Amino acid sequence: ITTSHPSLQSATDGDITPDRKLNAVAHLLQRRHGGRYMVWNMSELEYDYSVLDDQVLTYQFPGSPSPPLGLLLKLLLSIESWLKADQRNVAVLHCLTGRGRTSTVLAAFLCWTNEAGFNDPNIALEYIAHCRRTTVENLTIPSQRRYVSYFSNMLDGVRPSQPPLLLKRIIMSEAPKFGKRPPSSSTEQDNDSANSDKKSELGCAPYLQIFKAGKLVFTTAASMNYSQSKEELPFCTPTDGPISFPIETVVQGDILIRCRHLTRKGQRVSMFRAAFHTGYIPPKVLRLTKAQLDGACNDNKFKDDFFLDMIFEACDASMASKHLLSGDDPDLEIEENKTEMHNEAASRRATGTVSNESKPGQPITASAYDSMLHRDSRFWDVIAERRKKNMRLKDEGSKSSEKKSNDDNSVGLSPFSGPTIGRRRDFASMSGKFGSSDKESSSSDKSKKSSSNAPANKSSKAPSAIDAFSIGGEFDFMEKMRTT
């Protein structure tokens with residue numbers, strides 16, 4: 001069962017308050033699955049779990065579009081363990097919207113359990129999008145689809161590269177157009193034509209942030225000239241050409257990069273972000289196009305040929321330990337006293353600020369499982385055993401499908417059905433039901449309108465409202481009830 005956040009104000013109906021929404025969800029679960037449900041909260045927002053009998057597990061990966069790979073496997077094992085404990089148990093998953101994070105985890109789960117013959121997470125994600133009557137691009141963002149591909153590599157037994165990498169610099173192809181150049185403090189006359197044209201130029205004042213396990217570990221501004229100070233945040237325009245951000249920081253595992261623009265009024269506007277895993281990137285250079293960047297993919301402020309290049313180098317053990325383990329250098333600590341700053345963004349203008357601070361009592365579950373992903377061989381033993389099991393089930397399913405008859409009683413034996421989603425839908429054969437534009441089907445529909453059973457045909461071809469919420473064929477019996 002998937003849903004949006006159960007305790008957020010409805011965006012369409014003002015009468016549906018957070019409390020009413022949560023109570024309605026709790027009433028539905030208690031009525032239909034009392035004592036048999038467990039909720040997985042992936043939204044970073046907690047609520048009153050007692051309304052749901054404290055049957056809620058919270059998985060935190062703040063800021064990340066998708067669960068980090070190590071945490072993702074832990075989440076899948078948790079869901080699988082609960083569903084196997086009793087065949088009547090149900091799993092309820094939600095994030096903020098019930099779309100991106102939830103669909104990413106569902107696609108991984110279908111392939112992890114080999115549910116209904118799914119063994120490719122990308123195909124499973126397309127299937128989920130079809131069931132929700134949308135596209136994969138509208139359902140998820142590029143970083144989530146990237147992690148679905150990473151999980152596919154994991155299922156194939158492809159281990160990520162373990163050594164940490166030195167991120168030398170990040171190059172942006174050109175500045176996106178997010179605002180006008182701020183007024184200059186120089187003594188040039190305002191009526192100068194060249195100066196006025198310069199002021200009307202569109203561009204941005206960008207700075208990059210790097211996050212690890214939900215923590216900000218590095219911030220840097222664009223480097224436009226050698227005389228630029230650490231506190232300066234230059235304004236960049238497309239005419240400036242490629243923009244370079246000096247990094248010189250060691251990274252490893254799941255990394256999130258975010259680029260923001262500081263407006264003339266001091267507001268911070270997120271332009272784009274990207275999550276990736278250093279173990280699955282190509283050597284030397286990772287290029288992300290506009291279509292592969294969250295936020296930029298559908299924004300006309302970016303040109304179609306916009307891209308981001310990340311330059312990596314291998315680093316030795318001493319350099320890795322200095323950057324990843326040492327936090328004693330006062331020059332590497334981020335400023336904490338932001339109340340003394342005239343603008344909060346001033347702390348993000350400094351080049352090369354690193355934070356290794358950890359707050360007691362604040363669980364960061366992703367980091368522990370990310371470490372296990374690289375160092376614990378048992379982690380990969382579990383994946384290897386599951387891969388063998390799924391291959392065996394696939395072979396058994398292919399053999400049983402050859403003997404399968406067309407009798408409806410044999411649906412449960414089909415390799416394209418499973419206990420979680422029921423019978424897997426065949427959207428190719430159901431295209432007419434969902435409004436196919438095929439000329440032959442439309443002409444045949446017109447010829448049937450004159451027949452005596454026209455209302456029945458019309459109702460059978462019109463998509464039911466329940467279809468948008470049904471992943472499998474578990475509501476097929478309702479169609480038979482309507483016809484009888």
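The legends below describe an overall view and two close-ups of a predicted model.

Residues are numbered from 1 along each chain as its sequence is written, and side-chain values use heavy atoms, without hydrogens or water. Because the model is predicted, local features need pLDDT of at least 70 and side-chain atom pairs count only at pLDDT 80 or more, while totals for chains, interfaces and linings use all residues.

**View 1. The protein chain holds 13 helices and 16 strands.** Helices (H or I, at least four residues) and strands (E, at least two) are DSSP runs, numbered from the N terminus. Of the 484 residues, 42% are buried (under 20% relative accessible area; exposed is over 50%, partly exposed in between; 1.4 Å probe, protein chains only). Among contacts (heavy atoms within 4.5 Å) with a separation of 6 or more, 69% join residues 24 or more positions apart.

**View 2. D19, D48, D53 and D54 form a negative surface patch.** Patch residues have over 30% relative accessible area and no salt bridge, with like charges joined within 9 Å. A salt bridge is a side-chain nitrogen of Lys or Arg within 4 Å of a carboxyl oxygen of Asp or Glu. Asp and Glu count as negative, and the charge of Asp is placed at CG. D53 lies in the loop between β2 (37–41) and β3 (56–58); with a relative accessible area of 44%, D53 is partly exposed.

**View 3. C131 belongs to helix α4 (residues 121–131).** C131 has 1% relative accessibility and is therefore buried. C131 and F427 are 296 residues apart along the chain, and 8.9 Å separates their C-alpha atoms.

Note on methods:
Patches are made of residues with over 30% relative accessible area and no salt bridge: like charges are joined within 9 Å, nonpolar side chains (Val, Leu, Ile, Met, Phe, Trp, Tyr) within 5 Å. Accessible areas come from the Shrake-Rupley method with a 1.4 Å probe; for residues, only the protein chains shown count as cover.
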